[in-house]
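Notebook open, structure loaded. I want to jot down what I look up as I go.

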Amino acid sequence: MKRHNRKKQNSNKLFEKAFLIIFMIIWIIYIPKGIRMNCSHYSIIDWVIVICLFSFPFIILIYLFYKKHKKTIINIFNIIPTHKQEKSSIKRSEEEPLAQATLTSFSIEENIDFNKLDISLDNTIESKLDQTEQKETIIGLTNKERFFLHYLRNRKMDWHIDAPVKDLFPNYKETISNLKENGYLTRDNHSYFLETMTIPELKNILKSLALPVSGKKAELIQRIIQNTSESQRKEICPDLYYVLTEKGILEEESYFSEHKKQNLQLKENILSLIKKGDFREAVYCMCESYAKEIIAPGIGIDWNDKEAIWNTKQKNLVKLQKYNFPDLDNSESFKQLLIKCLFYKILIEHELWKVIALFIDETNEILSCKSLSLFFEQYNYTPTESQKWYTYLSTKLFNLCQDNMQQVLKNESYEALPDGIYNISETTIELWKEYQKYEFLSQQNIDGFPTTYETYKKHKANNSKKYQFWISQIKDKSYE
């Protein structure tokens, strides 16, 4: 704001100087010419110009005198401030404390009516508060700008801005500048990279500086910043980041929280429709939601064209229905439930484990497949029901993907897996075995047994004394 006012004042001074110079040139050229001419030859226009030009120096002198002694003249004649003066006093009041700005907006008079002054103060304070509220509303971020903060968070400054974001913010540099001016972004003094480091990496830096390495991550970062200069940190890591202020983080987290709630609600709505068998309505629901997104998912997809998107999704649905799952010894309703599960996965949820958890409780039937049972027997492993679902459905999804690739690329090398072969690795089965063992041990009431699988894995990897003690407490030796 101050910078803008200075620019305006400078431009006004330049305009005044230019105006004076141009008028002086005209005056110098025209006056001698007018003196040499016979006055009888003057037209009315000539007389008007001559009078204006002769009075010009006096007008300039009066203007300069008024400009220099403006405050004195206003006090003497009690002149009411113009609209422009009122505007400038409002701008000053935004920068000064409210009470001080209110008092300085009044003219200085020897005899003040204090009753009128109290009323004027109340009115002025109310108007200032109104202006403050309006200013906060103007400065408040739009959803687009909140999204932009979310996009910039933890982002390096030398990374290119993605094309969809550029389309949304053609003048993105100006937007970034405005966010900085309004206190949502701040300058990175070559310290933000420390936030992206792990605790061992921070401790290594502290060791190289011969500083203590104890404390939490925030304490380690603060210790490094306090004991290094910006140039030293630049040597450690030259990368600069877009850094959000506390105010910016609040806005970004608020946007992320709202967006997450909307996505969860959308998934719930689609899940409800798919469980009812309303596949078309589920696709329409997704389209309507994505069409309202600031940057919609997918490249070049017109989410407003619901019918075209339904036609695309319907092709996958038809392929799933054609499978008919002949290798399953289950009821037709169970097979339809698997189709719904797979369609929900294709439509909106990317993690198959989460999808299975949503559908597996919808039936009391156990997935019955002879080839799947034989597959696990060769690994000497009895899977849980959810693991059976995962192995079976991930294979069907893999085959569907291979089929689609074969049709799109016209390449026969994309082949589906033959019957009896499943899209699961031996390593995954070994991990399942290990987790099954952990669950068994956690039910044995062993003293000091860890509550998390990660802690258990660390002790096992180191073959620690604790791990050896836990194993010694197993009564069923088949789990050793």
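Predicted model: local features only at pLDDT ≥ 70, side-chain atom pairs only at ≥ 80, totals over all residues.

Burial first, so I need the cut-offs: buried is under 20% relative accessible area, exposed is over 50%, and partly exposed is in between, with a 1.4 Å probe and protein chains only. By that rule, 31% of the 480 residues of the chain count as buried.

Residues are numbered from 1 along each chain as its sequence is written, and side-chain values use heavy atoms, with hydrogens and water left out.

**Whole chain**

I looked up the secondary structure and got 22 helices and 2 strands. These are DSSP runs numbered from the N terminus, with helices being H or I of at least four residues and strands being E of at least two. The exposed surface comes to about 32,300 Å², and carbon and sulfur atoms supply 55% of it. That area is from the Shrake-Rupley method with a 1.4 Å probe, and for residues only the protein chains shown count as cover.

Next, contacts (heavy atoms within 4.5 Å). Taking those between residues at least 6 apart in sequence, 60% join residues at least 24 apart.

**Second largest pocket**

What volume does the second largest pocket have? I get about 590 Å³. Points are joined across faces, edges and corners, and the volume is the space filled by probe spheres set on them.

There are 24 lining residues, and Lys267, Tyr290, Ile348, Glu349 and His350 lie nearest the centre. Helices H13 (246-276), H14 (279-291), H16 (332-347) and H17 (352-359) each supply at least two lining residues. H13 gives the largest share, 7 residues. By class I have 14 nonpolar, 3 polar and 7 charged. For the classes, Ala, Val, Leu, Ile, Met, Phe, Trp, Tyr, Cys and Pro are nonpolar, Asp, Glu, Lys and Arg are charged, and the others, Gly among them, are polar.

Alanine 282 is in helix H14. Buried or exposed? Alanine 282 is buried, at 0% relative accessibility. Skipping residues up to four places away in sequence, alanine 282 touches Ile270, Leu273, Ile274 and Leu347.

Alanine 296 is in the loop between H14 and H15 and is partly exposed, with a relative accessible area of 26%. Beyond residues up to four places away in sequence, alanine 296 touches Tyr290 and Trp303. Tyr290 already came up as one of the residues nearest the pocket centre. I also checked alanine 296 against proline 164: they are 132 residues apart in sequence, with C-alpha atoms 9.4 Å apart.

**Lysine 319**

Lysine 319 lies in helix H15 (residues 306-323). With residues up to four places away left out, lysine 319 touches Leu400, Asp403, Asn404 and Gln407.

Histidine 190 sits in the loop between S1 and H10. Its phi is positive, about 55°, although it is not a glycine. Histidine 190 is buried, with a relative accessible area of 6%.

Serine 191 lies in the loop between strand S1 (185-186) and helix H10 (199-208). Serine 191 is buried at 12%. Leaving aside neighbours within four places, serine 191 is in contact with Ile225 and Arg233.

Where is serine 413? I found serine 413 in the loop between helix H19 (385-409) and helix H20 (426-442). Serine 413 is exposed, with a relative accessible area of 53%. Its side chain makes a polar contact with the side chain of asparagine 411 at 2.7 Å. A polar contact is a pair of N or O atoms within 3.5 Å; within protein, one must be able to donate a hydrogen and the other to accept it, and residues adjacent in sequence count only if both atoms are side-chain atoms.

Last, asparagine 463, in the loop between helix H21 (453-462) and helix H22 (465-472). Asparagine 463 has a positive phi near 50° while being a residue other than glycine, and at 44% relative accessibility asparagine 463 counts as partly exposed.

Technical notes. 1 Å grid on protein atoms, 1.4 Å probe; cavity = no way out; pocket = protein on both sides within 12 Å on 5 of 7 lines; lining within 4 Å.
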